[in-house]
Amino acid sequence: MRRVLLALVLLSVAGAAAAQVVNHDIAVQALMATRVNPAALAFWAGGNDPPEGETPAEAEARWAEAVKGAQALQAGGRALLQHSRPGRWDEYARLLIEGGETGEAAARAKDMDAAFTIGGDQVYNACNGCHKAYIPSPVRPQ
Ligand code: HEC
């Protein structure tokens, strides 16, 4: 079940990446591609099923990356506030910060269930809510 939900999250992100963006903002795009998206993947790996045959040392490293990812989500949310737009933009940016904060605590505690819940709730809702409002559905190329 875990893998299924996270796969859906990743699909929705891939959809966002493929979308034709109205009001294209290169700075926000770079922030997503280089900071927010890698941070989310690292954090989600904490709540996801461990890879087959993972050693204790590898698990340790995965959780350390999840902590860093959660911190980078907080930084990403703060950076998004600097690119504020009319509407609910700031609300989603703050949700990302909040998800990063509670996510950091869960990752430090290596609490897989909490990391999974936060990843699918606050973090996912921040990504998806903002993308739905600010990245309109893909325009099909003519
Ligand atoms: C406050 C708004 C907001 C939040 C929160 C947000 N995004 Fe984005 N995201 C955007 C916008 C706007 C774009 C389109 C940028 C552009 O190209 O102009 C975007 C684009 C992207 C892209 C495509 C980047 C590319 O290379 O074209 C990815 C991937 C992405 N976001 C991932 C995420 C993930 C993962 C999260 C949550 C962890 C997230 N975003 C949270 C606003 C947001």
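**Figure 1. Lys 110 in the loop between α4 and α5.** In this predicted model, Lys 110 sits in the loop that runs between α4 and α5. The residue comes just after α4 and takes a positive phi of about 50°. Most residues other than glycine have a negative phi. Lys 110 is not a glycine, yet its phi is positive. Lys 110 counts as partly exposed because 16 C-beta neighbours fall inside 10 Å, whereas a buried residue needs 20 or more.

Figure 2. Helix α4 covers residues 89-108. The 20 residues of α4 should span 28 Å at 1.5 Å a residue, and the end C-alpha atoms are 29 Å apart, so the two values agree.

Figure 3. Leu 81 belongs to helix α3. Leaving aside neighbours within four places in sequence, Leu 81 is in contact with Asp 90 and Ala 93. Leu 81 and Ala 93 are 12 residues apart along the chain, and their C-alpha atoms are separated by 6.2 Å. Leu 81 has 13 other C-beta atoms within 10 Å and is therefore partly exposed.

**Figure 4. The contact of α2 with α5.** Two packed helices are described by the angle between their axes and the distance between the axes. For α2 (residues 26-47) and α5 (residues 112-134), the axes come within 7 Å and cross at roughly 145°. On the α2 side the contact is made by Ala 40, Phe 43, Trp 44, Gly 46 and Gly 47. On the α5 side the partners are Met 112, Ala 115, Phe 116, Gly 119, Val 123 and Cys 127. By class, the residues of this contact are eight nonpolar and three polar, with no charged residues.

**Figure 5. The largest nonpolar core.** This core has 28 residues, of which Ala 40, Phe 43, Ala 66, Leu 73, Leu 96 and Val 123 touch the most other members. At least two residues of the core come from each of α2, α3, α4 and α5. Leaving aside neighbours within four places in sequence, Leu 73 is in contact with Val 36, Ala 39, Ala 40 and Phe 43, and also with Leu 96, Gly 99, Gly 100, Gly 103 and Val 123.

**Figure 6. The shell around the ligand.** The shell has 25 residues, and Gln 29, Met 32, Ala 40, Cys 127 and Cys 130 come nearest to the ligand. Elements giving two or more residues to this shell are α1 (2-18), α2, α4 and α5. Helix α2 gives the most, with seven residues. By class, the shell residues are 20 nonpolar, four polar and one charged.

**Figure 7. The protein chain as a whole.** The chain has five helices and zero strands, in the pattern α-α-α-α-α along the sequence. Of its 142 residues, 29% count as buried. Among contacts between residues at least 6 apart in sequence, 73% join residues at least 24 apart.

Methods: Residues numbered from 1 in each chain as written. Predicted model: local features only at pLDDT ≥ 70, side-chain atom pairs only at ≥ 80, totals over all residues. Axes fitted to C-alpha atoms, helices over the stretch in contact; angles between N-to-C directions. Helix = DSSP H or I, 4+ residues; strand = E, 2+ residues; numbered from the N terminus. Contact = placed C-beta atoms within 7 Å. Nonpolar A, V, L, I, M, F, W, Y, C, P; charged D, E, K, R; others polar. Near = placed C-beta within 6 Å. Expected span 1.5 Å × (residues − 1). Buried ≥ 20, exposed ≤ 12 C-beta atoms within 10 Å, placed from the backbone. Core = buried A, V, L, I, M, F, W, Y, C linked by C-beta atoms within 7 Å.
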